[in-house]
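I opened this notebook to record what I looked up, entry by entry.

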Amino acid sequence: MTAPKPLPPRFVSSNRRVREDRRFVVGHGKFVADVVREGMLHVALLPSQHPSARILEIDTSEALKMPGVRHVLTGDELSKATDPLMNGLETPNVRRYPLAVGQVRYAGEWVVAVAADTRAQAEDAVEKVRVSYEPLPFVLDAEKALDPSSPPVHPAHGSNVLLDKTFVWGDVEKHFAESPRHLSFRVVWGRNSTVPIETFGVVAEWDPWRDMLDVWGSIQMPKYPDQIARALRLPANNVRVHQDIDVGGSYGVKRGIKQTVLASHLSRVLSRPVRLIEDRLENMRAGDAHGPERIFDVDIAFDDEGIVKSMKMRALDNVGAYAGRSPFQLGKPIGAIVGPYKIQSVQYRAQAVTSNKAAQEAVRGFGQAPTNYAIETAIDKVAAYHTVVAKVLDHAGYKALVERRDSLRASGTMAGIGVAACLEPSGGNSSFEPLLNEKNKTTTWMESCRIMIDALGFVTVTIHATSAGQGHESLVATVVGEVLEIDPDLIRVVRPDSLASLPSNTPVGSRMAIMLGGAAYHAAQKLKTKLMHIGAHQLGCEPDDLAYADGGVSEGDDKALPWADLVNIAHRNFHLLPEGMEPGLEVTHVMQVPTGDKLPKDGRVQMYPCHSFEFHLVLIAFDPVIGKPEILRYVIGHDCGTVINPHIVKGMTLGGIAHGLGAALLEEFVYDAEGNIMTQSFMDYLLPSSHEVPEVEIVHHCTPSPYTVFGQKGSGESGYLGAPAAISGALNDAVSPCGISFSKLPIRISAISDAIAASALNKGK
Amino acid sequence: MKLSLEVNGSARDIDVEPRKTLLDALRDDLLLVGTHAGCEHGVCGACTVLLDGEPVRSCLMFAVQADGYAITTIEGVATAPGELSVLQDAFCETHGLQCGFCTPGMILTSHALLERNDSPSREDIVEAISGNICRCTGYGQIVEAVELAAERLRKANMPRKRHANEPNRGAGATHDSPRSGFLEASESDTPHGGGS
Amino acid sequence: MKAAQFEYARPETVTEACEILVRDDNARIISGGQTLIPMLAMRLARPSTLVDVYRIKSLKGVTEQGEAVVIGAATRQVEVERSTLACQKLPLLARALPWVGHQPTRNRGTVGGSIANADPSAEIPLVAVTLGAEIEIANVDGETSMPADEFFIGAMVTSVMPGDCLTAVRFPVWSEERVGSAFHEVSARKSDFAFVSAAAQVAVDEEGICRKIALGVGGLGDRPVSLDVSSAVGAKLDDALIDDLVREACRYLETYGDLHASAEYRSRVAVALSSRSLHDAVADAGRPRPANTEQAR
């Protein structure tokens with residue numbers, strides 16, 4: 001625990017520009033597609049036409065004759081040369097390679113990769129590859145996949161069930177028995193994802209004389225170099241990931257390990273650099289970056305006052321054809337399974353099944369947004385029984401909103417108010433892993449920072465992961481500047497490659513403000529302590545006698561040593577250093593996540609250390625026939641503790657709400673009955689534009705965390721965690737006079753209009 | 001095919017297959033990598049460049065169609081090395097970006113708006129950028145950036161190009177009284193510099 | 001998503017363009033390319049040669065010819081938006097244009113390109129059918145024209161024969177004094193492919209009696225359709241009459257459902273948008289006019 005700061009911060013929380021913006025506004029970002037290596041080859045992929053089929057034969061002879069073609073890679077070759085990609089759960093018979101091996105498991109799955117001199121030539125050659133298939137039975141629906149008679153996506157695994165684990169916290173049955181009221185309902189979170197505008201891309205270059213694999217990737221993934229090394233059966237220090245690549249958006253999903261292993265293998269075989277940039281079709285069909293697709297069956301027990309005493313939730317996720325980390329998206333929400341509500345007991349059954357759809361990847365919030373949708377729906381349904389909400393929100397502003405809604409309704413417009421109250425766990429430990437997989441004993445979840453003051457007194461900080469627009473360079477410069485009391489704009493932040501890096505677990509789990517901020521803070525404190533010891537030794541006093549200000553030290557009014565002198569002593573005057581002190585001014589700090597030091601016990605564990613909080617209030621209106629919702633007012637109350645950079649937090653919140661709006665109203669990966677994906681381009685997968693995202697009013701609160709160095713909490717998932725629930729709630733409030741409700745996201749305008757029309761018909765109008 | 005493109009004020013000679021898009025020619029042949037490929041089918045707007053000052057999707061043009069136009073990419077917007085245009089600076093001031101991938105297209109579209117409309121309403125800005133998709137920001141700080149730039153440009157001591165052929169509409173406007181002096185279509189439709 | 005290989009030709013005249021088309025039956029015209037190029041990128045279209053007509057002078061321009069305004073096939077949509085003539089004489093087209101894609105696609109896309117592409121939910125074909133425009137076509141044998149409702153024969157299918165090149169679209173001008181128009185469209189996001197769109201134009205006399213009427217609906221089936229509301233001529237168009245007219249006219253319209261919208265939705269909204277468009281067109285026709293209106297140039 002840190003002592004409270006005596007003075008208000010200078011740089012933390014102040015309105016400073018995000019320094020990264022400067023290079024992007026002039027087009028000088030360095031994205032992976034900007035990396036050009038001498039002799040680089042380009043990859044295109046052949047997708048499977050079937051959702052499930054045995055691969056009988058692959059004829060690459062015509063493709064090999066095409067101009068510019070250097071190699072045509074099949075799953076057989078790849079599976080002999082590489083190890084399967086890692087699963088998170090203990091499911092060794094669910095094996096995943098970058099290309100289909102022996103069998104295709106979803107329509108669009110990559111079967112063959114062609115490497116050629118240009119991307120266009122690679123695509124020309126892909127068209128000449130001939131694959132013969134024997135179609136097999138397939139399953140697309142999660143409830144069918146639960147059935148033991150469904151065709152198993154991985155026959156060796158025996159069934160389609162990857163995970164079926166029930167947790168009981170508290171006396172659920174007793175609470176249900178003694179509660180006077182019960183409700184049961186189902187809601188469905190449709191399959192969508194964060195879909196960054198930049199697809200995943202990687203350049204891999206194997207140098208056979210150095211035994212070194214260089215990788216540039218649009219990556220957001222912990223343990224990326226490790227997993228590359230494992231799959232390619234390389235010593236880990238033969239892999240060097242270049243982390244000075246700007247990532248064009250990720251929000252969780254850019255874990256392109258299969259793309260990387262594929263490109264790396266090709267590079268190793270051909271001894272040439274290989275570039276694999278997904279085109280949009282490859283990305284949507286088979287980038288394996290879809291998000292949760294989840295059915296929630298919820299039972300709640302509550303009383304006549306509207307207090308929910310107990311909840312049973314069954315969450316069934318349609319993971320797709322391979323496992324990866326996606327089943328863990330059922331585990332992380334355990335850390336906020338009752339949201340901010342005082343529900344006394346919970347039974348939670350987490351089920352993950354395979355099906356013949358594309359695989360999932362970690363999506364912003366890691367399963368929390370769908371879970372919040374279920375929780376908030378429960379609370380909305382309880383509130384419909386009572387006037388609880390009106391009592392709780394007995395507030396002039398809310399009443400005015402209700403009046404506005406009611407006057408819209410009086411004019412024939414459908415109008416509704418939606419409310420969502422959500423916790424945003426932040427700090428990203430991985431304690432849900434041991435919770436779902438007892439064989440996993442991982443408790444370490446680190447972040448690190450190195451600070452160097454050079455001989456001329458300039459400060460350089462290193463951070464050890466890629467960023468996708470979260471402003472980590474600005475974050476770290478602000479923190480280090482705050483502690484050392486020097487201008488953050490003069491602090492240089494660089495990203496060494498993975499071999500020159502300290503440990504990092506990358507931006508996941510809304511952790512970087514806490515962890516990278518914390519590591520930078522502690523490193524800076526170490527440096528400040530060293531400077532003070534140098535100063536004290538020089539001035540002939542104790543460090544405690546000194547005051548530190550603006551990079552220099554002083555004792556009383558007459559003895560002082562400015563920054564330049566301290567630096568000079570450290571770098572040049574070894575004879576003036578305290579006994580035993582190392583020369584130079586360089587420190588590192590590796591930080592463990594706060595509160596993260598125990599394994600689970602009895603189905604309980606400390607999840608993330610901090611909880612940000614958000615409260616959404618939405619007013620929606622629409623014409624009952626046209627059914628197109630318009631958000632008339634969107635207010636979010638947001639508390640993420642101390643805000644290190646207000647612009648960054650604002651951007652995260654607004655961007656998260658836009659993502660949530662897309663999930664609620666527009667976005668879905670739809671498969672037809674034959675297992676084909678119907679939404680493989682932006683013509684059918686609809687991303688919110690500036691017309692669809694309303695102006696949002698953000699009301700800030702600040703409840704500093706006691707666990708972090710400035711009281712900061714994370715905000716990487718803010719807005720997204722509650723927006724779908726709030727928008728869905730508003731739509732349901734709007735149609736409640738018709739006696740209908742929507743229980744599946746996204747809620748399309750056609751569905752809204754059809755449901756209203758059907759209800760009018762039912763009433764015999 | 002050999003052709004000469006005018007890009008950011010310079011004549012650039014390239015030799016490309018007809019099927020190569022303007023986007024790929026700019027990136028691969030001219031090494032102007034500030035223009036980005038997001039979807040390659042004309043929806044996301046990350047590939048936006050200006051053709052004679054008007055935003056177009058460079059993934060929806062082949063390089064062989066692009067001769068005879070004044071092409072502006074993001075690399076042609078800054079006033080000098082190390083400097084930022086008023087608009088670029090405004091994006092930095094309001095943090096109208098995060099990952100930066102959509103940003104060049106967003107800035108060029110906004111730049112073209114402000115060249116034609118020195119007092120855009122919020123609706124005008126929203127309409128203008130509606131063909132550029134951003135997944136990071138939720139658009140709020142982008143709109144603020146354009147509003148801020150418009151305000152600063154109005155107060156600046158700098159003349160801006162005026163375009164005679166303005167589209168005559170605000171939201172829901174009728175077409176009864178267009179401005180006089182419109183260039184008729186056949187005269188204004190050929191690219192600058194003539195050509196075929 | 002790189003297109004398959006093709007040759008590129010840029011003929012200087014329509015005749016030359018048609019000659020290339022005749023020589024090579026896999027050649028294809030490219031104009032603005034805003035709908036063709038995505039198809040090429042996805043390799044859904046694989047022409048051997050692209051015949052670029054975009055700069056042929058005779059295909060450009062918005063001109064008045066008698067009782068019509070003729071728009072050259074390779075005229076950019078943005079140029080029509082900016083055209084005084086088009087705004088004054090073809091108000092329905094002027095209202096529809098802001099709904100066509102986004103400004104950057106209107107900066108390249110052409111009127112002829114949209115017509116030739118014949119997307120069932122496209123706005124310009126809907127206006128052409130509603131107003132009874134004529135599509136002018138040239139080939140090596142000469143020139144022909146046909147009414148829009150004969151030109152569009154299916155989803156993305158037109159009466160164009162191999163060797164044909166669209167040259168212009170001739171939109172009739174209504175010379176009545178009180179003409180009003182309206183255009184409405186519903187899509188998931190603004191400027192997406194419309195689920196349903198409705199275009200209406202009416203002319204009324206000083207007493208508000210309808211003298212001429214046109215109503216069209218797009219997005220419902222495989223092509224835009226003109227609805228028969230001719231019984232309105234001679235009557236005063238109040239809300240009740242409009243609702244009856246529209247219900248009757250839409251009664252037998254076929255429609256379809258897809259992942260974005262159900263068939264029932266399209267039908268229901270077709271009725272709503274048609275009513276709304278007629279209502280708004282009537283209101284537009286009745287708007288006060290300045291004393292010295294200059295209707296003709």
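Entry 1: I began with a definition. Two strands pair if DSSP finds at least two bridges between them. The model I am reading is predicted. I looked up strand β6 (residues 134-139) and strand β7 (residues 142-147) of chain C, and the two pair in the antiparallel sense over six bridges. They form a hairpin, and two residues lie between β6(C) and β7(C). I then asked which residue of β7(C) is the bridge partner of Ile137(C). I found Thr144(C) there.

**Entry 2: where chain B meets chain A.** I looked up the contact between these two chains. Chain B brings 47 residues to it, and chain A brings 49 residues. How much area is buried between chain B and chain A? I noted about 4,000 Å², with carbon and sulfur atoms giving 56% of it. Three residues lead on the chain B side: His95(B), Gln98(B) and Arg135(B) supply 20% of the area that chain B buries against chain A, more than any other three residues.

Next I checked charges. The rule finds seven salt bridges across the interface of chain B and chain A. Arg135(B) turned up again, in a salt bridge with Glu667(A). The closest N and O atoms of that pair are 2.8 Å apart.

Which elements of chain B give two or more residues to the side that touches chain A? I listed α2 (86-94), α3 (103-116), α4 (122-128) and α5 (140-155) of chain B. Of these, α2(B) gives the most, with six residues. By class, I sorted the residues on this side of chain B into 21 nonpolar, 16 polar and ten charged.

**Entry 3: where chain C meets chain A.** I repeated the search for chain C. Here 25 residues of chain C are in contact with 30 residues of chain A. The two chains bury about 2,400 Å² between them, and 60% of that is on carbon and sulfur atoms. Met1(C), Arg189(C) and Leu259(C) supply 28% of the area that chain C buries against chain A, more than any other three residues.

How many salt bridges are there between chain C and chain A? I noted six. One pair I looked up is Arg46(C) with Glu127(A), which form a salt bridge with their closest N and O atoms 2.5 Å apart. Helix α11 (residues 263-285) of chain C gives the most to the side that touches chain A, with seven residues. I sorted that side of chain C as 13 nonpolar, three polar and nine charged residues.

**Entry 4: a mixed sheet in chain A.** I turned to the strands. Four of them form an open sheet in chain A, in the order β19-β18-β17-β23, with mixed pairing. Why is one side of β19 (492-494) and of β23 (586-592) in chain A left without a neighbour in the sheet? Both stand at the edges, each with a single partner strand, so one side of each has no neighbour there. Neighbouring strands of this sheet are turned by 20 degrees against each other on average, direction ignored.

I followed one pair in detail. Strand β17 (residues 446-453) of chain A pairs with β23(A) in the antiparallel sense over seven bridges. Ser448(A) stands opposite Val590(A) in β23(A). Helix α15 (residues 512-539) of chain A packs on the sheet and touches β17 and β23 of chain A. The helix direction makes about 35 degrees with that of β17(A).

**Entry 5: another mixed sheet in chain A.** I also looked up an open sheet of four strands in the order β16-β24-β25-β26 of chain A, again with mixed pairing. Its edge strands are β16 (414-426) and β26 (697-701) of chain A, each pairing on one side only. Neighbouring strands are turned by 15 degrees against each other on average, direction ignored.

In which sense do β25 (residues 630-639) and β26 of chain A pair? I found the parallel sense, over five bridges. Ile636(A) has Ile698(A) in β26(A) as its bridge partner. Helix α17 (residues 646-666) of chain A packs on this sheet, touching β24 (610-622), β25 and β26 of chain A. The direction of α17(A) makes about 135 degrees with that of β25(A).

Note on methods:
Residues are numbered from 1 along each chain as its sequence is written. Chains are lettered from A and ligands numbered from 1 in the order in which they are written. This is a predicted model: local features need pLDDT of at least 70, side-chain atom pairs count only at pLDDT 80 or more; totals for chains, interfaces and linings use all residues. Side-chain values use heavy atoms; hydrogens and water are left out. Contact means heavy atoms within 4.5 Å. Buried area is the accessible area (1.4 Å probe) that two parts lose on being put together, summed over both. A salt bridge is a side-chain nitrogen of Lys or Arg within 4 Å of a carboxyl oxygen of Asp or Glu. Ala, Val, Leu, Ile, Met, Phe, Trp, Tyr, Cys and Pro count as nonpolar, Asp, Glu, Lys and Arg as charged, and the others, Gly among them, as polar. Axes are lines fitted to C-alpha atoms, for helices over the stretch in contact, and angles run from 0 to 180 degrees between N-to-C directions.
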